[in-house]
Amino acid sequence: MSKGKIGAIVVSVVLVFYFVLMGQRAWILVREPDLVPRLMGIALFVLPLIGAWTLGVELMFGARSEKLARILESEGGLPVDDLPRTPGGRIIREAADEAFGQYKAEAEAAPEDWRSWFRLSCAYDACGDRKRARATMRKAISLYREGAKQKS
């Protein structure tokens, strides 16, 4: 099991523990006769629900991304991780920027192919643009799911 998965499991367990603890505190506050503690109790119920929803969304994103990576790996379509790195292990930005153009052109040439969007997402990530990497991965997941619906 990868470090990322272990980290996600640990964080999820800690968050569930936190949600239970906050639920208990919220129940105590909601039962108070005064308005302010009741409102605080309601907030303590709502905030963990938002946190649980966010955790679920992130876990689903990770699972779907990993599924697409496994499919691409089985097809031999994963981008090769051969970019030069610093002694600390970070990808050299200039090299990532150079390789980026290839993946961008591939996605523009095949805008309905989830594989090209997945690879573009990896290129954004290598360039350090996490926001665009996640958005592009969401696009790849969406295209994959649309294709799966059409097949069934």
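Which residues in α2 are buried? Let's find out, and then follow the contacts through the rest of this predicted model.

Helix α2 covers residues 35-75, which makes 41 residues. From its first C-alpha to its last it reaches 60 Å, close to the 60 Å expected at 1.5 Å a residue.

Now for the opening question. The buried residues of α2 are Pro37, Gly41, Pro48, Leu55, Phe61, Ser65, Leu68 and Leu72. What do they pack against? Their partners are α1 (3-30), α4 (114-126) and α5 (130-151).

## A serine in α1

Take a look at serine 12, which lies in helix α1. Is serine 12 buried or exposed? Its relative accessibility is 13%, and because buried means under 20%, serine 12 counts as buried.

Leaving out residues up to four places away in sequence, serine 12 touches Leu55 and Leu59.

## A serine in α4

Another serine to find in the structure is serine 116, in helix α4. Serine 116 has 0% relative accessibility, so it counts as buried.

Which backbone oxygen does the side chain of serine 116 reach? That oxygen belongs to aspartate 113, at 2.8 Å. Setting aside neighbours within four places in sequence, serine 116 is in contact with Glu106, Ala107 and Ala110.

## The largest nonpolar core

In soluble globular proteins, nonpolar side chains tend to be buried together. In this model, the largest nonpolar core has 22 residues, and the members that touch the most others are Trp114, Phe118, Leu120 and Ala140. Two or more residues come from each of α2, α3 (93-109), α4 and α5. Which element gives the largest share? It is α4, with seven residues.

Not counting residues up to four places away in sequence, alanine 140 touches Leu68, Trp114, Trp117 and Phe118.

Terms used. Residues are numbered from 1 along each chain as its sequence is written. This is a predicted model: local features need pLDDT of at least 70, side-chain atom pairs count only at pLDDT 80 or more; totals for chains, interfaces and linings use all residues. Side-chain values use heavy atoms; hydrogens and water are left out. Helices (H or I, at least four residues) and strands (E, at least two) are DSSP runs, numbered from the N terminus. The expected span of a helix is 1.5 Å times one less than its number of residues. Buried means under 20% relative accessible area, exposed over 50%, partly exposed in between (1.4 Å probe, protein chains only). Contact means heavy atoms within 4.5 Å. A polar contact is a pair of N or O atoms within 3.5 Å; within protein, one must be able to donate a hydrogen and the other to accept it, and residues adjacent in sequence count only if both atoms are side-chain atoms. A nonpolar core is a set of buried Ala, Val, Leu, Ile, Met, Phe, Trp, Tyr and Cys residues joined through side-chain atoms within 4.5 Å.
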